[in-house]
Amino acid sequence: EKAVNLAQGGYKVYYSTTSGFSLGSATMVDVPYASGATAPTTKTISGLTAGTYYIKVVAYSALTPQGGSGGSVSDASTQICVTLN
């Protein structure tokens, strides 16, 4: 990951209360890559209420930043389900 994400790379975490959601209809949190001790291993999403949330993650690369010509973006991860009490 480090070689790919030295600058302008990272992950986008999409979440929704609808199972099987499309990325365009979901809320997104950006988790930019940071090296060394500041490298993200968790992300806290504030303001969520009790209920079930569905989450997908997409990686993007600095080799061709998102929005650039041919942007280097992964397919979305498999959806996971999280229930908050």
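These questions and answers look at a few residues of a predicted model.

User: Why is Thr 52 called partly exposed?
Analyst: Its relative accessibility is 29%. Buried means under 20% and exposed means over 50%. Thr 52 falls in between, so it counts as partly exposed.

User: Where does Thr 52 sit, and which residues does it contact?
Analyst: Thr 52 is part of strand β3, residues 51-60. Neighbours within four places in sequence aside, it is in contact with Ser 16, Thr 17, Cys 81, Val 82 and Thr 83. Take Ser 16: it is 36 residues from Thr 52 in sequence, yet their C-alpha atoms are 8.6 Å apart.

User: What makes the pair Thr 52 and Thr 83 a polar contact?
Analyst: The contact runs from side chain to side chain, at 3.4 Å. The cut-off is 3.5 Å between N or O atoms, so this pair qualifies.

User: How do you know that Asp 30 and Lys 12 form a salt bridge?
Analyst: Their closest N and O atoms are 3.6 Å apart. The limit is 4 Å, so the pair passes. The count comes to one salt bridge.

User: What does the pair Asp 30 and Lys 12 tie together?
Analyst: Asp 30 lies in strand β2, residues 27-32, and Lys 12 in strand β1, residues 10-16. The pair therefore links parts that are 18 residues apart in sequence.

User: Why is Lys 12 called buried?
Analyst: Lys 12 has a relative accessible area of 12%. That is under 20%, so the label is buried.

User: And what label does Asp 30 get, buried or partly exposed?
Analyst: Asp 30 has 32%, which lies between 20% and 50%, so it is partly exposed.

Terms used. Residues numbered from 1 in each chain as written. Predicted model: local features only at pLDDT ≥ 70, side-chain atom pairs only at ≥ 80, totals over all residues. Heavy atoms only, no water. Helix = DSSP H or I, 4+ residues; strand = E, 2+ residues; numbered from the N terminus. Buried < 20%, exposed > 50% of the residue type's maximum accessible area, 1.4 Å probe, protein only. Contact = heavy atoms within 4.5 Å. Polar contact = N/O pair within 3.5 Å; in protein donor to acceptor, adjacent residues only side chain to side chain. Salt bridge = Lys/Arg side-chain N within 4 Å of Asp/Glu carboxyl O.
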